[in-house]
Amino acid sequence: MDVSRGASHAEAAPSTGTTIVACTYKGGVVFGADGRVSIGNYIMNRASNKIAPLSDYIFLCRSGSAPDTQIISDNVRHYLHQASAESGEEPSVLMAANLVRLLNYNNKDHLVGAMLVVGWDKHAGGQLYGVPISGTLAKEKWAIDGSGSSYIWGYCDSEFKEDMTRAEAENWVKEALALAMTRDASSGGTIRMYTLDDAGVHYTYIPGDQVPQFMGDLPFPTGGPVGAVLGSAGREGGMVIG
Amino acid sequence: MSIFSYNGAAIVAMAGKECVAIGSDLRFGVQMQTITCDTPKVFKIHDKLYLGLSGLLTDAQTLHQKLMFRHNLYKLREERDMKPSTFGHMLSNALYERRFGPYFAAPVVAGLEPDGTPFLCGMDTIGAIETAKDFMITGTSPESLYGMCESMWRPDMEPDELFETVAQCLMSGFDRDALAGWGAVIHVITKDKVISRTLKTRMD
């Protein structure tokens, strides 16, 4: 028993088994991520920051391999800084997304990073680009990624509306994250959320005890399937030994 | 992925002053997907004996059913409940019978002997039994649970204090485990009653 436990710790790489959610709204973009980093089933960090700044108004939401996405974000931040120094302007979100995409595509044999590039620039306002593993680039109105995203496609499809207000968009991101964190074991901990509009960057941190809950008050557990088999006879008045 | 971390569990049992407490998390999941949060892993055998089973849930359920069967037969023949120490050794023997094709479950037995003294024991998957006077744990994050129990356990705790200690050790232990949590249930066994409580915990 101990041998197999030790093996899973030693061999598993740290992964941001994660949920990242982003959407555009009338006036900007809202995006957020959970805070869990796990090695196997051990939660190594329960309040990590999976949103990396690439420039003042461009951010990268990271999911997949933790070290791979950190290296990608460091590299792209460096290139963007050089580019904006040469041009004298704030970098564009499309340039940032393309740089991330090129790294993913040209190193597809080695890198496992599924990311969202989100930002605001003066050419096109708030924008969101999905950059999944292997190097696709897709401009989207809303995007989700990470292991937890599997559980919220239905929610996101049915609840997303064009031209939401800022409050509606923030609520959509927060609820989507909370729903995924409830079902996905490798997402959880905290929610970090950013809103970008023409006024600037607004950051919200939601600690674990303030994350929306959906389970309500549950009845006292009877013992699951086994309890149902062994306990029901007693309730119906039949003989139960033990 | 290890067969023992396919479902996930966290179980803590502690001894107090003429009482024992045993608790488990409530998550039922398949690898990283959580399916329900109303599945306890501690089962009652009789009023003074509870069994916690971690590991592969199908084996935990089957083992529980087999042990209930054996205890029911024992009750018919002996006309009394089985002592916890006897039950522990019976379980150890039952597990070793399957030495080369084992049940992928690790049990913790908690109960009160007929004279009122607490009994705690734990086993590995093939029945190597160890008794303890203080606490016994099993699950997918044993290091977290051991750390909490070693620092928080004290001898001769009264039932209410024992409940608080088991609750804190269990919750803080499984909050660092991705595969356990989503609620908890704790049973405190004293000589005249059993108090069972659920805990409201983080649901992530």
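Student: What's the relative accessible area of Lys141(A)?
Tutor: Lys141(A) comes out at 46%, so it counts as partly exposed; that label covers everything between buried (under 20% relative accessible area) and exposed (over 50%), with a 1.4 Å probe and protein chains only. Keep in mind that this is a predicted model: local features need pLDDT of at least 70, side-chain atom pairs count only at pLDDT 80 or more, and totals for chains, interfaces and linings use all residues. Residues are numbered from 1 along each chain as its sequence is written, chains are lettered from A and ligands numbered from 1 in the order in which they are written, and side-chain values use heavy atoms, without hydrogens and water.

Student: OK, and which residue forms a salt bridge with Lys141(A)?
Tutor: Glu162(A) does, with the closest N and O atoms 3.4 Å apart. Glu162(A) sits in the loop between α4 (153-159) and α5 of chain A, and Lys141(A) in the loop between β10 (138-139) and β11 (142-145) of chain A, so the pair ties together parts that are 21 residues apart in sequence. A salt bridge here is a side-chain nitrogen of Lys or Arg within 4 Å of a carboxyl oxygen of Asp or Glu. Helices (H or I, at least four residues) and strands (E, at least two) are DSSP runs, numbered from the N terminus.

Student: How many salt bridges over all chains?
Tutor: The search of the whole structure gives 14. One of them is Lys122(A) with Glu89(A), where the closest N and O atoms are 3.8 Å apart. Lys122(A) is in the loop between β8 (113-121) and β9 (125-131) of chain A and Glu89(A) in the loop between α2 (66-87) and α3 (93-106), so that pair links parts 33 residues apart in sequence. Lys122(A) is exposed at 60% relative accessible area, while Glu89(A) is partly exposed at 39%.

Student: What about chain B, which residue does Asp47(B) pair with?
Tutor: Lys44(B), at 3.0 Å from N to O. Salt bridges that share partners also join Arg36(A), Arg202(B) and Asp204(B) into one network.

Student: Switching to strands. How many residues of β11(B) are buried?
Tutor: Six of six, over residues 184-189. Ala184(B), Ile186(B) and Val188(B) are buried on one side and Val185(B), His187(B) and Ile189(B) on the other.

Student: Which strands does β11(B) pair with?
Tutor: β2 (20-25) of chain B, antiparallel over six bridges, and β12 (194-199), also antiparallel with six bridges. Strands pair if DSSP finds at least two bridges between them. His187(B) stands opposite Ile22(B), and its bridge partner in β12(B) is Ser196(B). β11(B) and β12(B) form a hairpin with four residues between them.

Student: Where's Ser24(B)?
Tutor: In β2 of chain B, buried at a relative accessible area of 0%. A polar atom of the Ser24(B) side chain lies 3.0 Å from the backbone nitrogen of Lys41(B).

Student: Last one: how many residues of β7(B) are buried?
Tutor: Eight of eight, residues 105-112. In the β7(B)-β8(B) hairpin, Gly116(B) takes a positive phi near 95 degrees.

Methods: Polar contact = N/O pair within 3.5 Å; in protein donor to acceptor, adjacent residues only side chain to side chain.
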